[in-house]
Amino acid sequence: MERLETLTGRNVSIDGRIDFSILPRARLSLENVRLGDDDFTIDTLVADFSLFDVIAGKGKISGLVLVRPEWRSPAEPDEVQLVSADPDGLLVGLNTMLGRLGGIGSVEIRDGLFRPAGRGFAGPRGVSNANVRIRQSGSGDTLGVAGSFVWNGQPTTVDLEISGDEPLVAGGQSNVDFSLDSPALTATYSGMVEVADLRRAEGRLSISTPSFTRGIEWLFAPSTRIPELGAVNLEGDLLLLGQTAELRQADLRIAGSQGRGAMEIRLEAGMPVIGGTLAFNDLNLTPIARSIAPYPRNPFDFERPLGVDFADLLEMEIRLSATELTLGTIPLQDVAAVISIGGGMAKLDIGDATLFGGRGQAAVAVDGSAGRPRVEGWISASDIDTARLMSSLSVRSIGLSGRSAIRAKLEAPAENWAAILSGIALTAQLDATDGTISGFDPGVFAEPGARPLTAGTRSGSIPFTALDAKLGLDGMIVDFDRVRISNSSGTLSAQGRYFAKSNEIEIAGEFAPDDAAASPVVAVPARRGAPPVGTRRIAFMMTGEWPNPSVTTEPVPTR
């Protein structure tokens with residue numbers, strides 16, 4: 001009994017049978033064993049002894065078998081953290097196990113059960129069906145742990161081998177080979193570990209999961225929703241120094257993209273802080289964005305909360321470069337960017353990139369720190385191919401070409417898609433030069449009266465020297481604050497609104513011809529005594545459902 005209490009570090013009480021035999025082997029069998037309080041019980045505990053030790057009056061245990069041990073943690077943590085373990089706690093646990101094993105060569109657990117307390121561990125979560133064997137050499141310089149169990153509902157196998165040049169309990173450097181395999185996650189490590197304080201390790205680490213969300217939930221049972229990033233694989237050369245771990249020659253595969261570089265992670269008050277630099281050939285951020293804000297598939301999805309709480313679980317700043325980067329329908333090249341997460345905010349900051357043949361910068365951030373999540377973003381680009389921009393935005397009813405500069409700013413509430421669509425606010429400025437506009441015949445504005453816009457649809461195009469457009473989006477209303485198109489014939493200016501809910505447009509404007517050129521665009525028949533056609537200003541009004549509103553034109557009265 002005294003040896004068992006020393007081994008377990010708890011008071012041992014027995015509520016069942018006690019059997020002791022010498023032949024064919026020296027064995028002690030205890031039933032209904034309780035360790036400490038009722039939180040740790042063992043149905044049957046079998047201790048094997050050396051027959052010679054028994055004859056000599058010694059109680060040295062050579063092997064232990066624990067049948068259906070059950071441990072339910074009584075304490076409930078105040079807060080569930082993504083990472084709750086710390087090196088000191090792990091060190092105490094390892095040194096305690098090495099010290100208490102003493103000369104015991106083997107400890108076998110059969111059908112074990114462990115249920116942690118706290119949120120996220122209800123039902124089948126925790127360890128069950130544990131069948132694990134712990135063995136050490138007589139000299140104490142090797143330790144092995146191998147077996148299987150069910151962790152948080154997933155069958156898992158584990159294999160750990162530790163070997164050193166001296167007894168492990170004395171500390172020093174040891175060779176460690178570790179593997180863990182489950183449907184949710186696999187991990188391997190092979191290298192050196194400083195057993196004395198577990199604050200130095202150097203070796204090869206590999207972690208892989210077919211589903212980022214399921215892997216995180218399987219490991220940590222977080223209380224917040226984790227975005228689904230698909231399959232993730234991370235491997236590299238691990239260097240652990242104190243509470244900081246570096247992963248050199250890192251290879252990260254995430255959301256179908258592969259990046260190489262270096263990463264670093266450390267724990268601060270139980271929270272992981274991640275940094276690093278990664279280079280990608282092709283990086284597609286669209287799956288990541290859609291995992292945070294998945295497209296609604298039915299009316300109920302518009303009210304479903306977006307997954308932004310993950311930004312409270314860790315601190316991260318990753319500097320990345322990409323030869324090709326895709327975000328939605330926008331392709332970018334030669335990208336230098338920073339992804340940062342922390343304090344309830346997630347941000348993508350693109351410091352430089354090539355897009356649509358020009359150069360630009362952009363940023364988008366989701367901020368959930370103020371209680372009501374919001375999304376904000378901006379983009380600034382110059383010398384871009386306007387035709388490629390319009391194609392990327394799926395604008396097909398009107399064609400536009402030329403080189404242009406664009407500046408835009410966006411902000412919206414981000415609780416759900418309904419809040420985004422009703423509360424979005426966007427401003428955009430487009431300046432294009434030396435291009436063409438197509439999709440309709442500006443001659444539709446030439447004759448007095450009313451007619452549909454499609455009456456002037458044609459495959460040709462009209463050149464312009466300058467196009468200046470300032471737009472605003474407020475919820476479901478698009479404001480055309482200013483649209484001005486100039487060419488050698490004159491200047492067309494307009495302003496108005498588009499109402500997305502009713503799909504109706506209201507645009508008013510006029511054409512002012514260049515006095516030095518006759519306008520082929522607005523050849524309104526002249527009345528007797530009227531000014532020449534090329535010098536007359538034309539006012540127009542366009543109203544109705546898009547894309548076929550009616551157009552009404554009339555000459556501007558001369559003074």
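This is a predicted model: local features need pLDDT of at least 70, side-chain atom pairs count only at pLDDT 80 or more; totals for chains, interfaces and linings use all residues.
Biologist: How many residues sit between β2 and β3 in the hairpin?

Modeller: Four residues lie between β2 and β3 in that hairpin.

Biologist: Which residue in β3 stands opposite Ile 18?

Modeller: Leu 30 of β3 is the one opposite Ile 18.

Biologist: And β1 with β3, parallel or antiparallel?

Modeller: Antiparallel: strand β1 (residues 12–14) is joined to strand β3 (residues 26–35) by three bridges. Within β3, Val 33 stands opposite Ile 14.

Biologist: What about β3 and β4, how many bridges there?

Modeller: Eight bridges, with β3 and strand β4 (residues 40–49) running antiparallel. Arg 34 stands opposite Thr 41 in β4.

Biologist: Switching topic. Where does Ser 106 lie?

Modeller: Ser 106 lies in strand β6, which covers residues 106–115.

Biologist: Buried or exposed?

Modeller: Ser 106 counts as buried because its relative accessible area is 15%, and the cut-off for buried is under 20%.

Biologist: Which residues is Ser 106 in contact with, leaving aside neighbours within four places in sequence?

Modeller: Ser 62, Gly 63 and Leu 64, plus Arg 133, Ile 134 and Arg 135.

Biologist: Which side chain makes a polar contact with the side chain of Ser 106?

Modeller: The side chain of Arg 133 does, at 3.2 Å. Arg 133 is also among the residues listed as in contact with Ser 106.

Conventions
Residues are numbered from 1 along each chain as its sequence is written. Side-chain values use heavy atoms; hydrogens and water are left out. Helices (H or I, at least four residues) and strands (E, at least two) are DSSP runs, numbered from the N terminus. Buried means under 20% relative accessible area, exposed over 50%, partly exposed in between (1.4 Å probe, protein chains only). A polar contact is a pair of N or O atoms within 3.5 Å; within protein, one must be able to donate a hydrogen and the other to accept it, and residues adjacent in sequence count only if both atoms are side-chain atoms. Contact means heavy atoms within 4.5 Å. Two strands pair if DSSP finds at least two bridges between them.
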